[in-house]
Amino acid sequence: MKAATWTGVNEVSVEEVPEPTLLNDHDVILKVTQSVTCGSDLHLLGGYIPFMRAGDVLGHEFIGEIVEAGPAVRHRKVGDRVVGAPFAACGNCWYCKQEEYSLCDNGNANPGITEGLWGQSPGGCLGYSHAMGGYAGSHAEYIRVPYGDVGTFVVPEGIDDTRALFASDAASTGWMGADLAGTKPGDVVAVWGAGGVGQMAARAAMLLGAEQVFVVDRVPERLQQVREHVGAEAIDYSSTDVLAELRERTGGRGPDVCIEAVGMEAHSSGAAGVYDQVKQQLRLQTDRPTALREAVMACRKGGSLFTLGVFAAMVDKFPLGAVMNKGLTLRGAQVHAQRYIPELLERMERGELTTEHLATHVMPLSEAPRGYQMFKDKEDGCVRAVFTPGS
Ligand SMILES: NC(=O)c1ccc[n+]([C@@H]2O[C@H](COP(=O)([O-])OP(=O)(O)OC[C@H]3O[C@@H](n4cnc5c(N)ncnc54)[C@H](O)[C@@H]3O)[C@@H](O)[C@H]2O)c1
Ligand SMILES: [Zn+2]
Ligand SMILES: [Zn+2]
């Protein structure tokens with residue numbers, strides 16, 4: 001079958017790879033109808049997340065039809081139209097029982113690498129490096145989803161594929177950020193990054209009752225989507241002093257909740273940006289925490305910060321003094337999609353949550369290299385490139 005694979009730093013190819021087969025009794029095989037790029041893939045492409053091998057199939061946000069189900073699968077059947085969760089989770093371990101699915105103790109068959117790096121291993125992610133389980137991803141005609149009863153969700157008929165697709169990752173990640181940061185009715189929330197994840201975090205904050213929601217970015221088409229489709233206020237950091245603006249708009253206090261949806265490749269034009277680039281390229285730090293630093297400085301005293309943006313290991317010049325002295329709560333997580341997808345599908349069906357505007361570029365899987373290049377360079381207003389393997 002055809003699949004889009006990582007073939008080296010900044011190289012994506014479309015290749016023939018073996019079709020997946022059922023390996024465990026709980027597996028299902030999906031015929032993929034749509035699979036979409038994610039900001040997390042850019043960290044793989046850029047070589048910032050290690051343990052990729054040439055030929056690894058990319059993709060972890062997808063919708064498709066079940067074509068095979070293992071003998072232990074109880075709640076899904078051949079023919080079901082489902083969205084898949086990015087992280088493989090067993091549904092039975094201590095973490096899964098706390099609904100912390102991306103921390104599943106059984107989801108990563110290669111826990112040694114991340115145990116060494118982080119002290120414990122989180123779960124495994126489809127299409128995401130051998131450090132995270134080495135599973136083949138969804139940019140392919142077919143994908144094997146482990147623990148099919150836990151990792152797939154039947155899509156109600158009233159929701160079309162492109163809307164449902166984003167329940168998989170962008171919308172569930174955004175929702176998790178707003179939820180676990182403790183967003184309450186009346187709060188002021190600021191989000192850094194207007195990609196799919198940041199936009200969905202902002203929308204979630206609004207649906208959870210936030211009174212004012214700001215999204216910070218510099219890409220005009222994305223800021224326009226924030227205004228038009230999310231209904232939040234857009235701040236262009238290339239022409240605005242973000243800290244001053246947020247202070248001014250919040251009566252001097254700062255946002256109650258700050259959500260970072262940028263991650264380890266944050267852009268900065270100032271001296272700090274040059275410093276971070278050089279240190280990252282010399283491997284003296286693995287990540288560039290520009291947006292996270294700004295969020296810490298912006299957050300009101302006693303406020304809450306959540307990093308949805310992916311960080312790999314070490315950051316430099318992190319304002320820990322501000323975190324401590326301002327009494328901030330700082331959290332982060334990979335997406336516990338299984339916890340949020342059912343509720344998101346209900347909200348999508350009711351029309352409260354729309355996502356299809358994120359699919360700015362839809363193309364056959366054979367055009368994945370071009371899709372990734374457009375997504376990476378934000379060319380032609382690309383927010384997400386969606387691949388349709390069947391076409
Ligand atoms: N926690 C999770 O489970 C999870 C899930 C999906 C994605 N992610 C991560 O979330 C982050 C965002 O994902 P995405 O798909 O929206 O990515 P994306 O690449 O589409 O968007 C990132 C946005 O951040 C903006 N940006 C860059 N530097 C900035 C700065 N200094 N201040 C404000 N904005 C800045 C960019 O212009 C871009 O619009 C990535 O790090 C990705 O890896 C995490
Ligand atoms: Zn993702
Ligand atoms: Zn588990």
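**Close-up views of loops, salt bridges and the domain contact**

**View 1. Glu99 in its loop.** Glu99 is found in the loop between helix H2 (94–97) and helix H3; helices (H or I, at least four residues) and strands (E, at least two) are DSSP runs, numbered from the N terminus. The structure is a predicted model, in which local features need pLDDT of at least 70 and side-chain atom pairs count only at pLDDT 80 or more, whereas totals for chains, interfaces and linings use all residues. Residues are numbered from 1 along each chain as its sequence is written, chains are lettered from A and ligands numbered from 1 in the order in which they are written, and side-chain values use heavy atoms, with hydrogens and water left out. Although Glu99 is not a glycine, its phi is positive, at about 65 degrees. Most residues other than glycine have a negative phi. With a relative accessible area of 37%, Glu99 is partly exposed; on this scale buried means under 20% relative accessible area, exposed means over 50%, and partly exposed lies in between (1.4 Å probe, protein chains only).

**View 2. Lys378 in its loop.** Lys378 lies in the loop that runs between helix H14 (368–377) and strand E18 (385–388). The phi of Lys378 is near 55 degrees, a positive value in a residue other than glycine. The relative accessible area of Lys378 is 32%, so this residue counts as partly exposed.

**View 3. The salt bridge between Arg81 and Asp161.** The side chains of Arg81 and Asp161 meet in a salt bridge, with 2.6 Å from N to O. This pair links distant parts of the chain, 80 residues apart: Arg81 belongs to strand E6 (residues 81–84) and Asp161 to helix H5 (residues 161–165). A salt bridge is a side-chain nitrogen of Lys or Arg within 4 Å of a carboxyl oxygen of Asp or Glu. Side chains of opposite charge can pair when their charged atoms come close. Arg81 is partly exposed at a relative accessible area of 25%, and Asp161 is also partly exposed, at 23%. A search of the whole structure finds 15 salt bridges.

**View 4. The salt bridge between Lys184 and Asp187.** In this pair, the side chains of Lys184 and Asp187 form a salt bridge of 3.8 Å, N to O. Lys184 is partly exposed, with a relative accessible area of 46%, whereas Asp187 is buried, with a relative accessible area of 6%.

View 5. Ala244 has its place in helix H9 (residues 242–249). The relative accessible area of Ala244 is 28%, which makes this residue partly exposed. Ala244 and Ala298 are 54 residues apart in sequence, and their C-alpha atoms are 8.7 Å apart in space. Glu245 and Arg249 join their side chains in a salt bridge (3.3 Å, N to O). These two residues are separated by about one helical turn because they stand four residues apart in helix H9. Glu245 is partly exposed at 24% relative accessibility, and Arg249 is partly exposed at 32%. Elsewhere, salt bridges that share partners join Glu343, Arg347, Arg350 and Glu352 into one network.

View 6. The protein is divided into domain 1 (2–169 + 335–388) and domain 2 (170–332), with bounds that come from an automatic or database domain assignment. The C-alpha centres of the two domains lie 25 Å apart. Their contact (heavy atoms within 4.5 Å) takes 36 residues from domain 1 and 29 residues from domain 2. Domain 1 and domain 2 bury about 2,700 Å² between them, 60% of it on carbon and sulfur atoms; buried area is the accessible area (1.4 Å probe) that two parts lose on being put together, summed over both. Within domain 1, Tyr48, Tyr340 and His357 lose the most area to domain 2, together 25% of what that side buries.

View 7. Between domain 1 and domain 2 the count is zero salt bridges, while 14 residue pairs are in polar contact, both residues at pLDDT 80 or more. A polar contact is a pair of N or O atoms within 3.5 Å; within protein, one must be able to donate a hydrogen and the other to accept it, and residues adjacent in sequence count only if both atoms are side-chain atoms. On the side of domain 1 that touches domain 2, helix H1 (39–45), helix H3 (111–118) and helix H13 (337–349) each supply at least two residues. H13 gives the most to this side, with seven residues.
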